[in-house]
Amino acid sequence: MNIAVKVDANAEAATAEATPLEQINPASAIRFQNDTIWPYFARLRREDPVHFTPESEFGPYWSITRWEDILRVDTDHEAFSSADGIGLPNLDAMKEQQKVLAAMGREPRKGGAGFITMDEPNHSVQRKAVSPTVAPGNIAQMAPLVRQRAGEILDGLPIGVEFDWVDLVSKELTAMTLATLFDFPFEDRRKLTHWSDMITNMPGHGPVTSWPQKFEAIMECFGTFDKLREERIDAEPSIDLISMLAHNPATRDMPRDEYQGNVVLLIIGGNDTTRNTISGSVYGLNKNPDQYDKLRANPELISSMVSETIRWQTPLAHMSRVATRDVEVGGKLIKQGQRVVMWYISGNRDEAKIDNPNAYIIDRVRPREHLSFGFGIHRCVGNRVAEMQLTIIWEEILKRFPVINLVGEPTRTYSAFVHGYESMPVIIPARA
């Protein structure tokens, strides 16, 4: 089980300044869990914005930490490929996975995490297949149902009693919306949350207790969605994501591994971003009570607050690519075959791009100016769905609760990829 750890922020900042640059590993998961990443990224932006880590649990990799350099890499899909994965691969974890799969008599999957790990032209073909589901018209049709379900969640919350906001609200709303997008059995919606957590965590973190348990859960997920695809192929075309993949001529005959990769992408993408931003908004507003007062006084700031939280929280900390050729970025030569990590979480705090970037300001002049959804061909396909959910939940919160009080520090996710919360204790003193 993950445990919140109290860390001396001043001591960690001093360590960040004293550590030789070549020894800095920005992807240290324990610093993400302890929320001590910020002085390391601030130093890299200042002294070594295109930084090489020669040795780590992920192997050697480059870190891109400034806004403009991140944008340069993210929008050049010809020089920087996503075909070898979008996250930093933990080498020891990969070895353990291979051992467990061999013991289970299973072969490693050949496909990546769906179309986000494809280059052109295959990427756009598969992305277009699911895009109608998250198009503005379909989102508008879905919004009343999301609002109804958000209201039901909030009306069921205890008053005057401590509870876990992550579990009762953030996970529940995203599970409901994801079930709607997949047309997944509604009564089983929390399986989607569970599978997402099982996929993204390693043993000892989140709900994962062992490698065999992790892979059994993943196999259950794949088996369930394989069955759903078989059912949708024989049914009339619909607007849900599985039906779109099953009936689109470009994707209906895709190999099973590719289909399963797209399922992984859609589950994680539909879960983690929204869920951790919902939690992050409660945390940010409590840590900045003047901004909470501002929001209550002017609910029209909800949309701006949502965008500011997405920037300030940065629910997915990074995306990575592999250089297809020798290429220069920020005066450094990145060689063909080397892995490059775009730290969105650092770019969103870049002092050269954003005024007072560490502050949480819900009425910024350009609140949508952030890197959290990415840029270029891989920009988040479901960004409007995320913003819709976040806007609706806060519209419904302000109707019901004068305040939501954070009563302890949250337990954060042990991950350099998913920047989120495992639990967050809150009390709602009264209803409006």
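**View 1. Strand β8, covered on both faces.** In this predicted model, R339, V341 and W343 are buried on one side of β8, and V340 and M342 are buried on the other. Buried means under 20% relative accessible area, exposed over 50%, and partly exposed in between (1.4 Å probe, protein chains only). In total, 5 of the 5 residues of β8 are buried. In a regular strand the side chains alternate between the two faces of the sheet. Helices (H or I, at least four residues) and strands (E, at least two) are DSSP runs, numbered from the N terminus. Residues are numbered from 1 along each chain as its sequence is written. Local features need pLDDT of at least 70, side-chain atom pairs count only at pLDDT 80 or more, totals for chains, interfaces and linings use all residues, and side-chain values use heavy atoms, with hydrogens and water left out.

**View 2. The partners of β8.** Two strands pair if DSSP finds at least two bridges between them. β2 and β8 run parallel, joined by 3 bridges. Here W62 stands opposite V340. β5 and β8 are antiparallel, with 5 bridges. S320 has V341 of β8 as its bridge partner.

View 3. β3 pairs with β5 (residues 318-323) in the antiparallel sense, over 2 bridges. S81 stands opposite V322 of β5.

View 4. Axes are lines fitted to C-alpha atoms, for helices over the stretch in contact, and angles run from 0 to 180 degrees between N-to-C directions. Contact means heavy atoms within 4.5 Å.

**View 5. The crossing of α8 and α12.** The axes of α8 (residues 165-182) and α12 (residues 256-287) come within 9 Å and cross at roughly 145 degrees. The crossing is right-handed. A crossing is left-handed if the near helix is turned anticlockwise from the far one by less than a right angle, and right-handed if clockwise. The contact residues divide into 10 nonpolar, 6 polar and 2 charged. Ala, Val, Leu, Ile, Met, Phe, Trp, Tyr, Cys and Pro count as nonpolar, Asp, Glu, Lys and Arg as charged, and the others, Gly among them, as polar. From α8, the residues include W165, V169, L173 and F182; from α12, they include L266, I267, R275 and I278.

**View 6. The buried face of α13.** Q291, Y292 and L295 are buried in α13 (residues 289-297). Seen down the axis, these buried residues fall within an arc of 105 degrees, so they line one face of the helix. The arc is that of the directions from the helix axis to the C-beta atoms. The buried residues pack against α12, α14 (302-313) and α16 (383-400).

**View 7. Two loop aspartates with positive phi.** D35 lies in the loop between α2 (29-34) and α3 (38-47). Phi of D35 is near 60 degrees, positive in a residue other than glycine. D35 is partly exposed, at 26% relative accessibility. D183 is in the loop between α8 and α9 (190-200). D183 has a positive phi of about 50 degrees, although not a glycine. D183 is partly exposed, with a relative accessible area of 45%.
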